[in-house]
Amino acid sequence: MKKLWPLVTIVFLCLLAGCAGNEVNLDDEFSMKLEVDELEGVNQNEKPFSVAEKDGEFWLANFIFTNCDTVCPPMTANMARVQREMKESGVEVPIVSFSIDPERDTPDALEEYGNLYKADYSKWDFVTGYDQETIERFANVSFMVPASKEEGTDQYMHSTSIFLVDKEGFVRESYSGLDVPLEDIMDDLKKVTD
């Protein structure tokens, strides 16, 4: 039995190291999770939008659609809270809300939707202008989250998370968009903008 203790200790330490390796550490440049692919569209003002334009800066992202009758209104209200808190703290990063219903979500519809939440468009883009297959693939591959039309309805299944994307275009963290950990988000944004 005494000979087994060193082996048990080594296995335990390896397990601990493995668990620690799954955490995202914003101070560690090698703690990247997912690389965000290129996507182009237009924003609520019909201005061209490209993910490539975000290279070199941290930004927040989420997925919404204006006809959503469940999670999108509280998610967007919460993102607006994040934007107000950033402004009050003097720590602002761009926000991008990708529509997963590009056929219905025209730039005008997105602008009307953003106005409901008093979005500051100087730092918040509501993006559309791609096809359904493109946005579903973008969500599935770049963020590893679902995005698809619900059969027989005008509703879509999608993530309720807010994502923090880094300067190199990697997803570094995700937060609940429904029960927003505002303090955690602000702490992380302060770390990456100092």
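# Briefing: F63 and its surroundings

Leaving aside neighbours within four places in sequence, F63 touches M75, F98, I100, I135, F138, A139, F143, V145, H158, S159 and F163. The model described here is predicted. The protein has 194 residues, of which 44% count as buried, and its secondary structure comprises five helices and 10 strands.

- An open sheet is formed by six strands in the order 1-10-9-4-5-6, with mixed pairing.
- Strand 1 (34-35) and strand 6 (124-127) stand at the edges with a single partner strand each, so one side of each has no neighbour in the sheet.
- In general, the strands of a sheet pair through backbone hydrogen bonds, in either a parallel or an antiparallel manner.
- Strand 4 (residues 59-64) and strand 5 (residues 95-99) run parallel and are joined by five bridges.
- Within this pair, F98 in strand 5 is the bridge partner of F63, and F98 is also among the residues that F63 contacts.

**Strand 10 and its partners**

- Strand 10 (residues 170-176) is mostly covered, as five of its seven residues are buried.
- Strand 1 and strand 10 run antiparallel and are joined by two bridges; here L34 stands opposite V171 in strand 10.
- Strand 9 (residues 161-165) also pairs with strand 10 in the antiparallel sense, over five bridges; one of the bridge pairs is S161 with S176 in strand 10.
- Strands 9 and 10 form a hairpin with four residues between them, and G169 in the turn has a positive phi of about 85°.

- H158 belongs to strand 8 (residues 156-158).
- Is H158 buried or exposed? Its relative accessibility is 10%, and because buried means under 20%, H158 counts as buried.
- A polar atom of the H158 side chain lies 3.2 Å from the backbone oxygen of F63.
- Not counting residues up to four places away in sequence, the contacts of H158 include F63, I64, F65, C68 and P146.

**The nonpolar core**

- In soluble globular proteins, nonpolar side chains tend to be buried together.
- The largest nonpolar core holds 51 residues, and L60, F63, F98, F138, F143 and L189 touch the most other members.
- Helix 2 (residues 72-89) supplies the largest share of this core, with six residues.

**The protein as a whole**

- Among contacts between residues at least 6 apart in sequence, 71% join residues at least 24 apart.
- The protein exposes about 10,600 Å², of which carbon and sulfur atoms supply 52%.

Key. Residues numbered from 1 in each chain as written. Predicted model: local features only at pLDDT ≥ 70, side-chain atom pairs only at ≥ 80, totals over all residues. Heavy atoms only, no water. Pairing = 2+ DSSP bridges. Buried < 20%, exposed > 50% of the residue type's maximum accessible area, 1.4 Å probe, protein only. Polar contact = N/O pair within 3.5 Å; in protein donor to acceptor, adjacent residues only side chain to side chain. Contact = heavy atoms within 4.5 Å. Core = buried A, V, L, I, M, F, W, Y, C linked by side-chain atoms within 4.5 Å. Areas by Shrake-Rupley, 256 points an atom, 1.4 Å probe, with all protein chains shown as cover.
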